Amino acid sequence: MSSYILEMKDISKEFPGVKALTNVNFKVEKGEIHCLIGENGAGKSTLMKVLSGVYPHGTYSGDILFEGQVQKFNEINDSVKAGIGIIYQELALFPDLTVYENIFAGNEVSKGPLVDWNQTIVQATSMLKKVKLHVAPETLIKDLGVGKQQLVEIAKALSKDVKLLILDEPTAALNEDDSENLLDLLKELKSQGISCIMISHKLKEVISIADKATVLRDGKTICTLEAEKGEITESVIIKNMVGRDIEDIYPKRPDKNIGDAVLKLDNWSAYDAQLGRHVVENVNLEVKKGEIVGIAGLMGSGRTELALSIFGNPKKYKLQGNMHIHGAPKALKHTSEAIKAGIAYVTEDRKGDGLFLLQDIKSNVSAAHLKGISTKGVLNLNEEVKVGTEYKNSLYIKASSLEQIVGKLSGGNQQKVSLGKWLFTGPKILILDEPTRGIDVGAKFEIYSIMNQLINEGMSIIMISSELGEILGMSDRIYVMAEGKVKGEMAIEEATQENIMELATQ
Amino acid sequence: MNYLTEAKQLVKANIRDYGMYIALIVIMLTFTIMTNGLFMSSRNISNLLDSAGYIAVLAVGMTLVIVIRHIDLSVGFVAGFLGAIAAIFLTQLGVPVLVTIPVILVFGIIVGLFNGVLIAKIGIPSFVATLAGMLIFRGALLQVTEKTGTIIVNDDQFNAIGNGFIPSIMQVNGLHLLSLLVGIFGIVLYIYSELSNRKDKVKYGFDVPSKAIFITKMAIVSAIIGYVTWILAGYNGFSWTVVIMVAVVILYHFLTTKTVLGRHIYAVGSNPEAAHLSGINVEKITYIVFGSMGMLAALSGILFTARLQSATTTAGTLFELDAIAAAYVGGVSSAGGVGKVTGAIIGAVVMASLSSGMNLLGVGISYQYMIRGSVLALAVIFDVMTRKQRA
């Protein structure tokens, strides 16, 4: 029998229009900590979902061997039974239930049809000991910090006799002490023979803990590095992560005409009372007329939160610091004030909070600027059709008619409708959050061309993106964010994929 | 394009909207045949519409409440309570009708706004907040009618709202002249608005349906208005209840389809987060929708009290559920953002037709409930199926 606990062979997985995984090979030995690394969208999460049965057998090609046996998981329960435990970035705990109820949720200790609560508490206590969490099993989850909640998740996995533990960015939300605790625990579990796959963006952690590290890029396995051979170093990892050359999909801008500052933030901080921490901290940022400012950073680095805090603060963060627009101090209390001040924000999640999916193209385009098609509160529906037609043509929106329901358009066309909606408000500062996520290359090129055209017309663009290629291909200046802070600012000439990644993974 | 294929395409594209109208026509025809024409008699149709009035105005408000993903359970007893207050104003306090009605409507708005504050500002689920309101106003109704029991209203002007008809001027061949004139005026107004709409579209250079289709559509709608007018003119003409109902529908139809406010309401219902990010004040919209609901509840109370010529201790019982049923039969979706005011009225008329028709046939009350329940279920099933097809 091989020493591999897990072998994934030639895994390919396709979504409509996108190849998410192409012939991925991934092997984990017994009792090792194996890190899975890659940019956002490289296919890490998809691979783990294939493994855990979220995507059932038959929806992908290739084989999964677990403990030497070919496995055909049809649902998550099958992989749990086999001994695979997965802990997602978003914790799946019930905040209003106790620790012991959470540990055995869905896996209740029972006597016949009844739950044996005493036995539950006894077993929960021993699980808590294993993960070195010293709290009473009766504590409510919501009374625990995120770090301790993570340990409860691990205890929950252990209670199911897990042999392979998968952690998706376990330390993303943790402070340093909690992170260190967690990593120590993983080493401890390793010594007890539990193998572990950890997805992480923090390279320092990877270096300190990994026995092996596999790098994924664009849905393909790039390489597997081994600590024993001294291959797991920052430079090697980054080189493999970003390795691809920037393809020539970024249209050139003929001449740059950069003017005065239009937006300026000084010591800008946003505190999220719900999370109990700063999501944006001491940010100094400047955007000039006719400039594309790229904001790079990984997911959860505070980029979207920064955008929201500028755009009328819809999440009601506690704000500190000063914002100047065209040199005048501004305090925007509602998104409608931000729109009036000439800011537009094209959201990251166009289906969730960008578009009205059940409405048609024309009413989506007009939604943020109904003033433009009405007099004294009464709409001119013909004017709306006219405006809709203009944007449909100028943004190359492909649809059978303006009356088409937006929910039925492709991702790229939805993104263009979203863009049209905001362009119709006549913005001076356009914030684009992941403007090309999940859309095909052709539509990407069209969106880049539109961006260039807008810049030529004197608009300023803030482009938030996880795609380094896009950041390097389109920006004039780049800010790199991590943990809510700006970790560095660079002109496009001095920016490389490597030095951005280095700042982003600090 | 061929006339028939164009007509077919139009029907296919709008099947969801036309579905209710077709259902209503089928129901009416069925009852007409089963009652040997009695159902379609002037007297019956007139009674039917009058009996639908107080639920129909509630259904209009309820549709908007459901469109923004909420519910209002308090409207029944708010209507009952405010109807009783109106009766007290008129009988015990001697307030004139023309003062009483606006004051009662303002009371309704205040009640609605209070619900709105609980829901939008404090964040109480609308089901719970308005359930509390339902209990409170039920108690309040009992409280104000406790001493007197049923309050008889003797004010003829007020009672005319629920029982009276617009004056006839003179009878022509036994037909109500003013009603005929109103009907004709309505048709002329309709044709004029269609024509100017079409002219506007042509001016903008947009595609318009072919002339033949356009004329057919105008002819059908005019014929329906004309037929209803003719039927009603054969009895006592338009009742004040019908006039009020039509006025409410026209006002709310205009509000929801032609104004910025209407758009904002549907945007909030369709996707509250996106609405907020589009600069729409979601809280304010919630206040307005609940305020309007409160006003229509007050109107419903006035209509009902006037119809009975008295305020009773149980007025308003189950109005809210009848209104909700009418709104759902009319095609509103609990997922938010979808539903028309005209649909709500048709829904209310469908439900009233079922009651009226089954009463004429002598169907027992037990079966009536079961049949109305089945129709509600069928309407929603149809709605869900056609939506799946489109998605």
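1. Buried here means under 20% relative accessible area, exposed means over 50%, and partly exposed is in between (1.4 Å probe, protein chains only). B:Val128 is found in helix 6 (residues 126-145) of chain B; helices are DSSP runs (H or I, at least four residues), numbered from the N terminus. From B:Val128 to B:Thr150 is 22 residues in sequence and 30 Å in space, C-alpha to C-alpha.

2. A word on the source: this is a predicted model, with local features needing pLDDT of at least 70 and side-chain atom pairs counting only at pLDDT 80 or more, while totals for chains, interfaces and linings use all residues. Residues are numbered from 1 along each chain as its sequence is written, chains are lettered from A and ligands numbered from 1 in the order in which they are written, and side-chain values use heavy atoms, leaving out hydrogens and water.

3. Now look at B:Ser46, in helix 3 (residues 42-67) of chain B. B:Ser46 is buried, with a relative accessible area of 2%. Setting aside residues up to four places away in sequence, B:Ser46 touches B:Phe165, B:Leu232 and B:Tyr235; contact means heavy atoms within 4.5 Å.

4. Helix 7 (residues 156-163) of chain B has B:Phe158, B:Asn159, B:Ile161 and B:Gly162 as its buried residues. They sit on the same side of the helix, because they cover an arc of only 135° around the axis, the arc being that of the directions from the helix axis to the C-beta atoms. Among the elements covering them are helix 3 and helix 13 (282-308) of chain B. On the other side of helix 7, B:Asp156 and B:Gln157 are exposed.

5. Next, the pairing of helix 8 (residues 177-203) and helix 9 (residues 211-233) of chain B: their axes come within 9 Å and cross at roughly 165°. Axes are lines fitted to C-alpha atoms, for helices over the stretch in contact, with angles from 0 to 180 degrees between N-to-C directions. Helix 8 and helix 9 of chain B are therefore roughly antiparallel, the term for angles over 145 degrees. The contact includes B:Tyr190 of helix 8 and B:Phe214 of helix 9.

6. Over in chain A, A:Leu423 is found in helix 14 (residues 411-423) and counts as buried at 11% relative accessibility. Beyond its neighbours within four places in sequence, A:Leu423 is in contact with A:Tyr391, A:Leu395, A:Leu430, A:Leu454 and A:Met459.

Terms used: Helix = DSSP H or I, 4+ residues; strand = E, 2+ residues; numbered from the N terminus. Parallel < 35°, antiparallel > 145°, perpendicular 65-115°, else oblique.
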